Amino acid sequence: MRRNARDVNAVVAYGVNAIALGLLPLGLLGLAAGVVLVALGGRDTILPGVAGTAVGVAVLVYAAYRNFAPSKPLLELAPQGARMRIPGATEFLIPWSEVRDVGVLDVIVENIPTRRGSTTARFDNVTTLAVSRAFYDRVIHLDSTFMRGPGWSGAFIPEGDGLVQVALHHELLRAPVDELREAVLLRWRAFGGAAPDGASARAASVRHVVADAGTRRRAVVVEHGAAPLMAGLGVVGLVVAALAYFQIWPFDAAQRRAEEEARRARQWAETERRIADDRLRMDETSKKMREDARRQAEADEAERRLAARRVEEIEARERAELLAGGPLPPPASTRIDGHRGAVLALGAARNERSFVSGGADGAVKLWDTRAAVALRDIGAHGAPVRAAIILPDGASALAGDDRGAIVWRALPEGETLHVFDAAQAGGVLALAVDAEARRLTSLHGSGVV
């Protein structure tokens, strides 16, 4: 019956057959203890053994019956409020508007009788709903001591400021403590009119007055009972009495505290490990980004210096040609940065001082014929470039690729002026313009002109 606990409009139920499921190990223990006492014990243990066996069988029969005939849930959290059922005793609804606070209590139940004295049970991180004393007296309280049962004072804990803490024992409800507390807080904030910043759970501790501790603390005495919500069930009382007599008690406070501390320590260790791993990955990523930025800056600076040196060489050659009255012979050996692949197209300017090239790598480059160097990349296509020309005015160039795109670029920067889309005609093989550069003719791989 449990739905999404985070959906405040959903009704979530806890404790469906929780008592029956919780009785299974108790019934098995009672039955085993009774059989052992009858089979191996003497005359003094036969009667207790028979009693223990009978109680164990009765508990197992009841648990099996509840397994096939599910009971109503012990706790329902709905938009209207928290509905609680104490089997055989009472059922009531606590509207969220009546809840004054949501708290957390550590409840220690002392003076639980055993064969050799008494024992103590501890319930940690119990979620509580604080209601007014008037609401408790009007809606919840039962006048009958028998109906209230021995666990009543462990479920409804009075406070000195006119409030009563209603304990929601997650262990008996078979609910994860964090899920139960989150479901309660979400609905109280949504429907109880509580401010979000005041909705955090209060941490407190309810203990007995320990004589040898030297301090006095607020005490809640719960004797001869194991927990709330089990009041009114006679069979539970019989099982608890039998187990206490034979010293088979399921609540080991020291062991539970040790297990809880170990669980929390593992959680903290895992959290710290994840934080350390995340920090290490962030440091490595930051280091790599800084290294990449440094390398890029160095590459940019080297490219800037190379371009400046080439411009200086071109200007020096132009001055030398001007003084010589004509073109100078090319250098004996020149290194040119070319295409990464085959050169598929060339187009020269009318003054023969520059030309453009297109390659299989999709790049379009502008070259200087006098300096015999590539001045710059003026564009990049996503497909091989098979046609390239410089317009008669020398201020722009056209390049066509295998996808049918013809790109018009300004020189020398390479700014895109326009893109002629001829994809339906196929890849561009050749380009030509008239003398006034007003009409463009293109030849395509499909045979279309």
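This is a short exchange on a predicted model.

Modeller: Local features need pLDDT of at least 70, side-chain atom pairs count only at pLDDT 80 or more, and totals for chains, interfaces and linings use all residues. Residues are numbered from 1 along each chain as its sequence is written, and side-chain values use heavy atoms, with hydrogens and water left out.

Biologist: What makes Arg-85 and Glu-76 a salt bridge?

Modeller: The rule asks for a side-chain nitrogen of Lys or Arg within 4 Å of a carboxyl oxygen of Asp or Glu. The closest N and O atoms of Arg-85 and Glu-76 are 3.2 Å apart, so the pair meets the rule. Both residues are buried (under 20% relative accessible area, with a 1.4 Å probe and protein chains only; exposed is over 50%, partly exposed in between). Glu-76, Arg-83, Arg-85 and Glu-91 are linked in a network of salt bridges.

Biologist: How many salt bridges does the rule give?

Modeller: The count comes to 19.

Biologist: Why is Glu-260 called partly exposed?

Modeller: Its relative accessibility is 21%, so Glu-260 counts as partly exposed. Arg-264 is partly exposed too, because its relative accessible area is 37%. Glu-260 and Arg-264 form a salt bridge, with the closest N and O atoms 3.0 Å apart. They sit four residues apart in helix H9 (residues 253-324), so about one helical turn separates them. Helices (H or I, at least four residues) and strands (E, at least two) are DSSP runs, numbered from the N terminus.

Biologist: What does the salt bridge of Arg-386 and Asp-402 look like?

Modeller: Their side chains meet at 2.7 Å, N to O. The pair links distant parts of the chain, 16 residues apart. Arg-386 is in strand S14 (residues 385-390), and Asp-402 is in the loop between strand S15 (396-401) and strand S16 (405-410). Arg-386 has a relative accessible area of 34%, so it is partly exposed. For Asp-402 the value is 28%, so that residue is partly exposed.

Biologist: How do you know that S2 and S3 pair?

Modeller: Pairing takes at least two bridges found by DSSP between two strands. Four bridges join strand S2 (residues 75-78) to strand S3 (residues 81-86), which run antiparallel. The strands therefore pair. Leu-77 has Ala-82 in S3 as its bridge partner.

Biologist: What makes S1 and S4 edge strands?

Modeller: Four strands form an open sheet in the order S1-S2-S3-S4, with antiparallel pairing. Strand S1 (12-14) and strand S4 (90-95) are the edges: each pairs on one side only.
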